[in-house]
Amino acid sequence: MAPAPTSTSSAVTLHVNGEKYPLSVDHRTTLLDALRERLDLTGTKKGCDQGQCGACTVLVDGRRTVACLQLAVAAEGREITTVEGLAEGERLHPVQQAFLDLDGYQCGYCTPGQICSAVAVIEEHAAGWPSAATGDVRPEAGVPPLTAEEIRERMSGNLCRCGAYVNIVEAVARAAGAQAARTGETAA
């Protein structure tokens with residue numbers, strides 16, 4: 001049970017990785033701090049604490065969000081997915097598996113944010129959302145191919161201090177291909 005709220009705090013229920021967590025949080029508490037310090041979900045990393053590096057990227061209602069700029073009280077009732085919630089039991093999410101297989105990390109600090117962002121990138125692309133790298137944004141042009149240029153543009157909010165970008169792009173492309181193959185098999 002969450003402690004009673006005060007004039008500077010609120011009782012909230014955060015829906016994280018399929019679980020509900022009642023908390024009393026200061027109104028200024030970021031989603032990042034609530035996840036790491038209150039729920040012990042330390043996969044989400046604190047990088048710059050200014051929304052510039054993407055290390056704290058999580059999915060909120062399926063959309064990528066930098067958790068250091070999202071207030072915990074504003075996330076109440078929304079579905080939050082952290083890197084810990086992507087796998088299904090012992091089976092890694094295809095993006096996690098691709099990062100592992102293709103060495104899409106070096107020190108690993110940015111990896112959780114990169115992975116969460118990549119999951120959203122693949123979904124955004126599959127839904128036909130254009131990026132700044134998309135040549136023809138007219139709806140009748142259809143979904144553009146997910147080229148390396150598209151992936152780099154779509155992942156540009158996530159920095160890797162070690163410079164593992166080549167392998168990150170390959171991992172996102174592989175996971176996107178695997179997802180497209182699964183979707184095609186399901187539809188057939």
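Trainee: Is Asn17 buried, partly exposed or exposed?
Mentor: A word on the basis: this is a predicted model, where local features need pLDDT of at least 70, side-chain atom pairs count only at pLDDT 80 or more, and totals for chains, interfaces and linings use all residues. Residues are numbered from 1 along each chain as its sequence is written, and side-chain values use heavy atoms, leaving out hydrogens and water. Buried means under 20% relative accessible area, exposed over 50%, and partly exposed in between (1.4 Å probe, protein chains only). Asn17 has 24% relative accessibility, so the residue counts as partly exposed.

Trainee: Thanks! Where is Asn17 found?
Mentor: Asn17 is not a glycine, yet its phi is positive, about 50°. Strands here are DSSP runs (E, at least two residues) and helices are too (H or I, at least four), numbered from the N terminus. Asn17 sits in the loop between strand S1 (9-16) and strand S2 (19-26).

Trainee: Which strands stand at the edges of the sheet?
Mentor: The open sheet has five strands in the order S2-S1-S5-S3-S4, with mixed pairing; two strands pair if DSSP finds at least two bridges between them. Each edge strand has a single partner, so one side of it is left without a neighbour in the sheet; these are S2 and S4 (63-66).

Trainee: Nice. Which residue in S5 is the bridge partner of His15?
Mentor: S1 and S5 (residues 79-81) run parallel and are joined by two bridges. In S5, the partner of His15 is Glu79.
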